[in-house]
Amino acid sequence: MSEDASAGTSDSVLPDELIAAARRVVEENSAIQRRVAVAESCTGGLVCAALTEIVGSSAVFESGFVTYSNEAKIATLGVSRDVLDTFGAVSIATAWSMAQGALAKSGADVAVAITGVAGPGGGSEKKPVGTVVFARAEREGDPADIVADRKNFGDIGRGGIRLQAALCALELLLPGPAVEAA
């Protein structure tokens, strides 16, 4: 990467690996004129913050939604109360609904949603601390073709879980065929 490509982010408080991933998302989506949206829960806006650290992100980044509570997921993104009651906030059904809602509420071409248990509390036997679920929805995609993944990062600390979740979400925003969250 040239010095010019990294200009403007050296003063970032965000980790270098997060900035590098966001830069790749901005550059690759900009090249194909694709706009992105993000619906975040456990990452609390970290993905949006990383994207907006990149010079030129306004050509790609459409909007971000931080819907931490179930009520916000319902009111802001249109997630069904039945989905939340049946599957819980940390589920593929909820993440998929969040991604679909982000598409519906924005002009983006692709949206990624993140919901999980960052800890240190809040985990359960079925969804321990470190469980994070991701979903990606595309405007021209088949709504029956659900692109989603569930990861368990383990109890690596709240900051570590949020960072790993943000990195996975950025990977899902890259153009190309559906990729498994890394």
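Start by selecting Glu 28, which is partly exposed at a relative accessible area of 30%. Buried here means under 20% relative accessible area, exposed means over 50%, and partly exposed lies in between, computed with a 1.4 Å probe on protein chains only. This is a predicted model, so local features need pLDDT of at least 70, side-chain atom pairs count only at pLDDT 80 or more, and totals for chains, interfaces and linings use all residues. Residues are numbered from 1 along each chain as its sequence is written, and side-chain values use heavy atoms, with hydrogens and water left out.

**Stop 1**

The term stands for a side-chain nitrogen of Lys or Arg within 4 Å of a carboxyl oxygen of Asp or Glu. Why do Glu 28 and Arg 24 lie about one helical turn apart? Because they are four residues apart in helix H2, residues 16-31. Helices (H or I, at least four residues) and strands (E, at least two) are DSSP runs, numbered from the N terminus. Arg 24 is partly exposed too, at 40% relative accessibility.

Glu 171 is partly exposed, with a relative accessible area of 25%. With these side chains shown together, you are looking at a network of salt bridges that links Arg 24, Glu 28 and Glu 171.

**Stop 2: Arg 35 and Glu 62**

How many salt bridges does a search of the whole structure find? There are six, and one of them joins the side chains of Arg 35 and Glu 62, at 2.8 Å from N to O. Here again the pair links distant parts of the chain: Arg 35 is in the loop between H2 and strand E1 (36-40), while Glu 62 is in strand E2 (residues 61-66), 27 residues apart. Arg 35 is partly exposed at 23% relative accessible area, and Glu 62 is partly exposed at 32%.

**Stop 3: Val 60**

Next, select Val 60, in the loop between helix H3 (46-52) and E2. Is Val 60 buried or exposed? At 1% relative accessibility, Val 60 counts as buried. Leaving aside neighbours within four places in sequence, Val 60 is in contact (heavy atoms within 4.5 Å) with Val 26, Asn 29, Ser 30, Arg 34, Arg 35 and Val 36. For a sense of distance, draw a line from Val 60 to Glu 138: they are 78 residues apart in sequence and 14 Å apart in space, C-alpha to C-alpha.

**Stop 4: the sheet**

Switch to a cartoon view and find the open sheet of five strands, ordered E2-E1-E3-E4-E5 with mixed pairing. E2 and strand E5 (147-152) stand at the edges, each with a single partner strand, so one side of each has no neighbour in the sheet. Two strands pair if DSSP finds at least two bridges between them.

Zoom in on E1, where five of five residues are buried. Val 36, Val 38 and Glu 40 point one way from E1, and Ala 37 and Ala 39 the other way. E1 pairs with E2 in the parallel sense over five bridges, and Glu 40 stands opposite Val 66 in E2.

Then move to strand E3 (residues 110-116) and strand E4 (residues 131-138), which run antiparallel and are joined by seven bridges. Select Gly 116 to find its bridge partner in E4, Val 132.

**Stop 5: Ser 91**

Now go to Ser 91, in the loop between helix H5 (81-87) and helix H6 (92-104). Ser 91 is buried, with a relative accessible area of 9%. Its side chain reaches the backbone oxygen of Gly 88 at 2.9 Å. Beyond neighbours within four places in sequence, Ser 91 is in contact with Thr 115, Lys 127 and Val 133.

**Last stop: colour by confidence**

Finally, colour the chain by pLDDT, the predictor's confidence in each residue, from 0 to 100. The chain's mean pLDDT is 92, and 91% of its residues reach 70 or more. Where does pLDDT stay under 50? Look at residues 1-9, for which the model has 10 contacts beyond four places in sequence.

Technical notes
A polar contact is a pair of N or O atoms within 3.5 Å; within protein, one must be able to donate a hydrogen and the other to accept it, and residues adjacent in sequence count only if both atoms are side-chain atoms.
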